[in-house]
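Biologist: Take me through this model. I will keep asking what stands behind each label.

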Amino acid sequence: MSASKITVPAGGQKIIPGQPVPDNPIIPFIEGDGIGIDITPVMIKVIDAAVAKAYGGKKKIHWMEVYAGEKSTRIYGPDEWLPKETFDALKEFSVSIKGPMTTPVGGGIRSLNVALRQELDLYQCVRPVRYFKGVPSPLKNPELTDMVIYRENTEDIYAGIEWQALSDGARKVIAFLQNEMGVRKIRFPETSGIGIKPVSIEGTSRIVRAAIRYAIDNDRKSVTLVHKGNIMKFTEGLFRDIGYKVAQEEFGAQPIDGGPWCSFENPGTGREIIVKDAIADAFLQQILLRPAEYDVIATLNLNGDYVSDALAAQVGGIGIAPGANISDQYACFEATHGTAPKYAGQDKVNPGSLILSAEMMLRHLGWKEAADLVIKGMEAAIADKQVTYDFARLMEGANEISCSAFGDAMIARM
Ligand SMILES: NC(=O)C1=CN([C@@H]2O[C@H](COP(=O)(O)OP(=O)(O)OC[C@H]3O[C@@H](n4cnc5c(N)ncnc54)[C@H](OP(=O)(O)O)[C@@H]3O)[C@@H](O)[C@H]2O)C=CC1
Ligand SMILES: O=C(O)CCC(=O)C(=O)O
Ligand SMILES: [Mg+2]
C-alpha cells in the first residue's frame, strides 16, 4: 500500500464518541467535485471566523483534508475514488464534512456519497428545511415551511442491487423470478433491467425512532411517515406499519379515532406529538398547499431524496439546504445539492448549503454560540441583499456577489 496522503494536523485532538468534544478537534473534510472547489474553502473560512469570534481563540477546529472523488483519483491513482484511508479517517475522527461528489448516470462508478453512507452506516439523513427572511421563494408564505426530513439512508432502491438490461445477471434474476417464484408480471422480460428494493424492520425502526426522538427533544408537533405503501405494500407499506408500531410500542402512542394516526405526550413538555402518515404523491402536493401541517418527516431513501430537493425549493432552493448523515457513532455533514458542474471553479454558486451543514456540525459538537453566529451572519447578509446569483436573479434590488464574497459578507455581519 502507498504511503498515507493525509496529513494529521499538529495541535489537534481526535473527537471520541461518548467523550467531551475537545477544544481543538480535528475535523476531516472532503473538498468535493465540481463546485466543491468553490464552496468548501468558503465554508472553512466562515466557520473558522464564527468559532474565533464566539470563543476568542479558546476553541479552534483543526481541518484535515481527506480525499474522495475526482481529487482522490489525481492523488492516489486513476481508479482510487474512495481510498481505504479516507474511510478509516472518517471513522477514526468520527465527525466530518464533505462537499458534493459526481455520480455518472447509467454506467460508470456507483455513487461515492451512497457508498460512504453505507460503509459508515450513516442511517439518518437529516435535512432541516426552514425559511430565511428575505430569501426569494415561489410561495406566498414560505415561512410556513418548517420541516425536518429524516431520510432513511442505507436501504431502499439506493442499495444499488440491480442488473443491467440484457446482461447475464438480469436474465438470471428474471429467470429465477419466473421459474422459482411464479412471477408473470414482468412486461418485457427479455429487455428489462432489474433492481431490488430492500426495506427492513430494523432499518425502518431505527430511522423512525430517531425522527420521533428528534420531535421530542425539539418540541415538534408531529412526525409524518411518508411512503408509497398502497403500491409497494411490502416495502413502503412495511415502512408505514413499522413506523406506527415504533410510535406505539416504544413511545406509548395511542390511536386517534381508531387509528392508524396516533399521538403521545411529549415527556419533556407535556404537549401532544401526533404520528401520522401520508402517501408520497399526495404529500408532494400537500407540502406546497398546506406546509404548516407538516413538521418532522420520516421517509424512505428515494422519497427522502425527492422530498428534500422539493422542500428546499420552497424556501429558496438547494443552494441553502443543509444536511447531515448520522449514525450512532459517526456524523458526516454535507450539502443537499450536487456538484453543479457548469459552475465549477467560477466562484459563483451559493456556499450557503455547505455552510449551514457546518452550522449543524457546530451544534452537533455543542458549539452553539458559534452556530448562532453563522445563522446571524447568514440572516444579515441576506437581509442586506448581498447574495449569490441564485437569489439575486429572483430578488429585487439585490447586489449579486460571488461565492467567496458571500462568505465574507457573512463574516462581516456576525
Ligand atoms: N451529495 C452529493 O454529493 C450529491 C451529488 N450529486 C451529484 O451531482 C452531480 C450534478 O447533479 P445535478 O442533478 O445537476 O444537481 P445539482 O444539485 O448539482 O445542481 C442542480 C442545479 O441546482 C442549482 N444548484 C446546485 N447547487 C447550487 C448552489 N450551491 N448554489 C446555487 N444553486 C445551486 C443549480 O441551478 P441553476 O442551474 O438553476 O443555477 C444547478 O444547476 C451529479 O453527478 C449528481 O449525482 C447530486 C446531489 C447530491
Ligand atoms: O450520490 C449522488 O450522486 C446523489 C445523492 C443525492 O441526490 C442526495 O444525497 O440527495
Ligand atoms: Mg438528492
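Predicted model: local features only at pLDDT ≥ 70, side-chain atom pairs only at ≥ 80, totals over all residues.

Modeller: Residues are numbered from 1 along each chain as its sequence is written, and chains are lettered from A and ligands numbered from 1 in the order in which they are written.

Biologist: What pLDDT does the chain average?

Modeller: The average is 96, and 100% of the residues score at least 70. pLDDT is the predictor's confidence in each residue, from 0 to 100. For the complex, the predictor gives an ipTM of 0.99 and a pTM of 0.97.

Biologist: Which domains does the assignment give?

Modeller: Domain 1 is 1-123 + 326-413, domain 2 is 137-155 + 199-315, and domain 3 is 162-195. Such bounds come from an automatic or database domain assignment. Over C-alpha atoms, the centres of domain 1 and domain 3 are 41 Å apart.

Biologist: Which residues are around ligand 2?

Modeller: Thr103, Ser111, Asn113, Val114, Asp305, Thr336 and Gly338. The test for being near is a C-beta atom, placed from the backbone, within 6 Å of the molecule.

Biologist: How does the shell around ligand 2 divide?

Modeller: One nonpolar, five polar and one charged. Ala, Val, Leu, Ile, Met, Phe, Trp, Tyr, Cys and Pro count as nonpolar, Asp, Glu, Lys and Arg as charged, and the others, Gly among them, as polar.

Biologist: And how many residues surround ligand 1?

Modeller: 18, and the closest are Pro100, Gly319, His337, Gly338 and Asn350. That shell holds six nonpolar, ten polar and two charged residues.

Biologist: Why does Lys98 count as buried?

Modeller: Lys98 has 27 C-beta neighbours inside 10 Å, so it counts as buried. The label needs 20 or more other C-beta atoms within 10 Å; 12 or fewer means exposed, in between partly exposed, with C-beta atoms placed from the backbone.

Biologist: Where is Lys98 placed, and what does Lys98 touch?

Modeller: Lys98 is in strand S3 (residues 95-98). Strands (E, at least two residues) are DSSP runs, as are helices (H or I, at least four), numbered from the N terminus. Leaving out residues up to four places away in sequence, Lys98 touches Phe29, Ile30, Gly32, Cys332 and Glu334. Contact takes C-beta atoms, placed from the backbone, within 7 Å.

Biologist: What does UniProt list for Lys98?

Modeller: An unreviewed UniProt entry lists "modified residue: N6-succinyllysine" there. UniProt positions follow the numbering used here, feature names are shortened, and annotations may be inferred rather than shown by experiment.

Key. Contact = placed C-beta atoms within 7 Å.
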